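Thanks, everyone. I will keep this to the ligand sites and then a few backbone details. Please bring up the structure.

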Amino acid sequence: HARIGASVYTSHVPAIGAAIDLGKTGNDYWAPLFKGYEPSKQWMKDHRPDVIFLVYNDHATAFSLDMIPTFAIGCAAQFNPADEGWGARPVPTVIGHPALAAHIAQSVIQQDFDLTIVNKMDVDHGLTVPLSLMCGQPEAWPCPVIPFAVNVVQYPVPSGRRCFELGRAIRRAIESYDEPLNVHIWGTGGMSHQLQGPRAGLINREFDNAFMDRLIADPAGLADVPHIDYVREAGSEGIELVMWLIARGAMADAAGGPAPRVAHRFYHVPASNTAVGHLILEEQQ
Ligand code: DHB
Ligand code: FE
């Protein structure tokens, strides 16, 4: 049977993708940020997954106000990097895993979560920047990736509680897949940031670090934080953090098993308008 080996959490700032693509990772502004991901790139080589289940948000790229799925699972064989206005990023095509994605869709929908099935979709910085941070600039991504898009852009957005429960359902789905795959689940977006209005530029280090502390030690309690608290404390785009609770809900301790081990933790301000947070949690075997 398939199992979950680890979960990874990281912000997805588009300017990070541009810094990588334009060869600026070594300059004074960016070097401290990328230094924090050096251990992560080594960790990826040492703990190579068979599949990444990548929870992220689309930013009105594949979807728009015309169509707003709350939860959308990518079941295609491949997904192209999107053109977000400056041409597509020069990164590898994302290879999907249609068989596992279809199984997860079947299982999670039968566990009463409403998923939208997506068979054709381009993927934006929400998905490709985390892959770049964790994998660098390879010829091909190290394994197939199942994109899982969450609406955190247009209200109403799903609650932290719903996201955590969805993660638990995704774990059950993966564990009932009849092939010995090591699956990593990633929760991306955040941390505190607000891109618009009078509070544009908002960063809240205290909130962000308390969020990471609680994500590690008390995820079920953290899931009860209402969305208005994210917006108030972490800015209008800080709500992206609910996606971290999907990945966290898929870990063993959310199903009564042992707590995960913290393999890496990093926090850095600023990257563009955003506070960058990053965690790697390994399952205890
Ligand atoms: C920025 C951050 C985001 O999460 C995003 O989707 C777009 C821009 C930023 O900090 O510039
Ligand atoms: Fe974003």
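This is a predicted model, so please hear every value as computed from it. I begin with the make-up of the shell around ligand 1.

Now the polar contacts to ligand 1. The side chain of histidine 59 places an N or O atom 2.7 Å from an oxygen of the ligand. Asparagine 273 uses its backbone instead, with an N or O atom 3.0 Å from a ligand oxygen. For threonine 274, a polar side-chain atom is 2.5 Å from an oxygen of ligand 1. How much of ligand 1 does the protein cover? On its own the ligand has 290 Å² of accessible area, and the protein covers 88% of that. As for location, ligand 1 takes up the space of the largest pocket.

Next, the metal. Ligand 2 is an iron ion, and its coordinating atoms are NE2 of His12, NE2 of His59 and OE of Glu240, at 2.1 to 2.2 Å. Along the chain, these donors have the spacing H-x46-H-x180-E. Histidine 59 sits in the loop between strand E2 (51-56) and strand E3 (71-74), while glutamate 240 sits in the loop between helix H9 (227-234) and helix H10 (242-249), so this pair ties together parts 181 residues apart in sequence.

Last, the backbone. Alanine 60, in the loop between E2 and E3, has a positive phi of about 55°, although it is not a glycine.

Where are the cis peptide bonds I want to point out? One runs from tyrosine 155 to proline 156, with omega near 5°. Proline 156 belongs to the loop between strand E7 (145-150) and helix H6 (160-175). Another runs from glycine 190 to methionine 191, with omega near -5°. Methionine 191 is in the loop between strand E8 (182-188) and helix H7 (205-217).

That is what I have.

Conventions: Residues are numbered from 1 along each chain as its sequence is written. Chains are lettered from A and ligands numbered from 1 in the order in which they are written. This is a predicted model: local features need pLDDT of at least 70, side-chain atom pairs count only at pLDDT 80 or more; totals for chains, interfaces and linings use all residues. Side-chain values use heavy atoms; hydrogens and water are left out. A polar contact is a pair of N or O atoms within 3.5 Å; within protein, one must be able to donate a hydrogen and the other to accept it, and residues adjacent in sequence count only if both atoms are side-chain atoms. Accessible areas come from the Shrake-Rupley method with a 1.4 Å probe; for residues, only the protein chains shown count as cover. On a 1 Å grid over the protein atoms alone, a cavity is a set of points where a 1.4 Å probe fits but cannot get out, and a pocket is an open set with protein on both sides within 12 Å along at least five of seven lines; lining residues have an atom within 4 Å of a point. A molecule sits in a cavity or pocket if more than half of its atoms lie within 2 Å of its grid points. Donors are N, O and S atoms within 2.8 Å of the metal (3.2 Å for Na, K and Ca); water is not among the atoms, so sites may look incomplete. Helices (H or I, at least four residues) and strands (E, at least two) are DSSP runs, numbered from the N terminus.
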